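Here is a short briefing on one protein chain. Keep the sequence and the structure in view while reading.

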Amino acid sequence: MIYRCIFAAVCVAVAIGLFFTVRAGVRAVGSLFTKDDSSVMADENAGNTSDSVSDDDPNTDSNVTEQDAVNGSDDPADETAETAETEDEAADTFIPSYAKNDSTKAMTSAEVTAEYGIVVNADEQTVVAHKGGYDRINPASMTKLLTLLVAAELVPEEKRSEIVSVPTEATDYAFTHDCSNVGFAKEERVTVNDLFYGTILPSGGDAAIALAIYTCGSHEAFVGKMNDKLQELGIADTAHFTNCVGIYDANHYCTVYDMAVIMGACIQDPYCREILKARTYTTTKTTEHPEGLLISNWFMRRIEDKDCGGEVLGAKTGYVDESGSCAASYYMGADGKEYICVTAKSHSSWRCIYDHVAVYNIYIAGNTAYVKH
């Protein structure tokens, strides 16, 4: 009887022990599935942090940067942004191109004495009339239109009031090549604006060379930029320049069509337009020139009182023996549209002006009865 009681007591004790052991095990397992909300959120945040790229983690940041640099971004949003940026840049870069069509006329009027001529509708991008429009010419100082355009793109607005010295190389070049010039003294201290206006209004060789050296360090380097621009404008097959002034060289050439394209690019730039339309300009007062130098665009001053059937807004002339008197001008017609005229090989500077008057009257204003008085 005593043994039975002992045996029963042992069984009860074992049963109780097993009960509490199982109960503890169940609670331990249950606790894995019954964390409170704050613990779950902390774990999620920890997980998110471990999965995300931290701006403060130099190792992670550099790894991403290096990988992007090698492989590029696979993010479609990045590709879309890059595409949009490229399209915006393309929209900002306008390349003039003028097409002949069924309405294009031969420039046969006897009132236009220049051997080569073209007039284009800059708004509609069409050739209105031409003669020898695609024949090679020497552009003489019309070259400086490209000098103006390239330099304007290289010099930001805030730099144009900067004071610079006119290098001896520039004044010597103008003297040696018998160029027209502004009249700057060697090492005279003038503004970059003075160089721009001096390049166009009096067609100053001293100003053009000084501008080339200021922007590119040398005349030769600047000419390289000019030919790059011809490539960009799509006319490098028919145009090539060897200097920024317009000095005759067998390898310095273009067509009157090409020069119309260059003028078309110039008038898209507000600074270039401002310079091309100026009748006069006074350079900075200096020790050498206490009152400054008054310079003029004689084409603009001579044509302003002529009846062209519209208004000539800007121009650049040129002359060397091989090209005769030549000029490029742009004009606002009575129809509100802008046109560009380029002529070459007129027999005098005055006749060149009247050739432009005739072109605008006959081929734009429709005054076919026009006769020079």
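Which residue in β3 does V120 stand opposite? V120 faces V127 there. The coordinates come from a predicted model. The protein chain has 373 residues, and 44% of them count as buried. Its secondary structure comprises 13 helices and ten strands. Take contacts between residues at least 6 apart in sequence: 63% of these join residues at least 24 apart.

**The sheet**

- Six strands make up an open sheet with mixed pairing. Their order is β1-β3-β2-β10-β9-β8.
- Strand β2 covers residues 116-121, and strand β3 covers residues 126-131. The two run antiparallel and share five bridges.
- V120 and V127 stand opposite each other across β2 and β3. V119 has A129 of β3 as its bridge partner.
- Four residues lie between the strands in the hairpin of β2 and β3. In this hairpin, Q125 takes a positive phi near 60°.
- Strand β10 (residues 338-346) is antiparallel to β2, with six bridges joining them. The bridge partner of N121 in β10 is Y339.
- Strand β2 is mostly covered, with five of its six residues buried.

**The nonpolar cores**

- The largest nonpolar core contains 75 residues. Those with the most contacts inside this core are F196, M259, I262, I340 and V342.
- Helix α10 (residues 256-266) gives the most to this core: nine residues.
- Another core lies apart from the largest one. It has 26 residues, including I303, Y339, I353 and V357.
- What does I340 touch, leaving aside neighbours within four places in sequence? Its contacts include I118, V119, V120 and A122. Also among them are A260, M263, G264 and I267. Y98, S329, Y330 and Y360 are on the list too.

**The largest pocket**

- The largest pocket holds about 560 Å³ of space.
- Its lining has 30 residues. Nearest the centre are S180, S203, T317, G318 and Y319.
- Strand β8 gives the most to the lining, with six residues.
- By class, the lining has 15 nonpolar, eleven polar and four charged residues.

**S141**

- Where does S141 sit? Its place is in the loop between β3 and α5 (144-154).
- Is S141 buried or exposed? S141 counts as buried because its relative accessibility is 12%, and the cut-off for buried is under 20%.
- Leaving out residues up to four places away in sequence, S141 touches S203, V245, G246, K316, T317, G318 and Y319. S203, T317, G318 and Y319 are also among the residues nearest the centre of the largest pocket.
- S141 and G205 are 64 residues apart in sequence. Their C-alpha atoms are 9.0 Å apart in space.

Definitions and conventions
Residues numbered from 1 in each chain as written. Predicted model: local features only at pLDDT ≥ 70, side-chain atom pairs only at ≥ 80, totals over all residues. Heavy atoms only, no water. 1 Å grid on protein atoms, 1.4 Å probe; cavity = no way out; pocket = protein on both sides within 12 Å on 5 of 7 lines; lining within 4 Å. Points joined across faces, edges and corners; volume = space filled by probe spheres on them. Nonpolar A, V, L, I, M, F, W, Y, C, P; charged D, E, K, R; others polar. Core = buried A, V, L, I, M, F, W, Y, C linked by side-chain atoms within 4.5 Å. Buried < 20%, exposed > 50% of the residue type's maximum accessible area, 1.4 Å probe, protein only. Contact = heavy atoms within 4.5 Å. Pairing = 2+ DSSP bridges.
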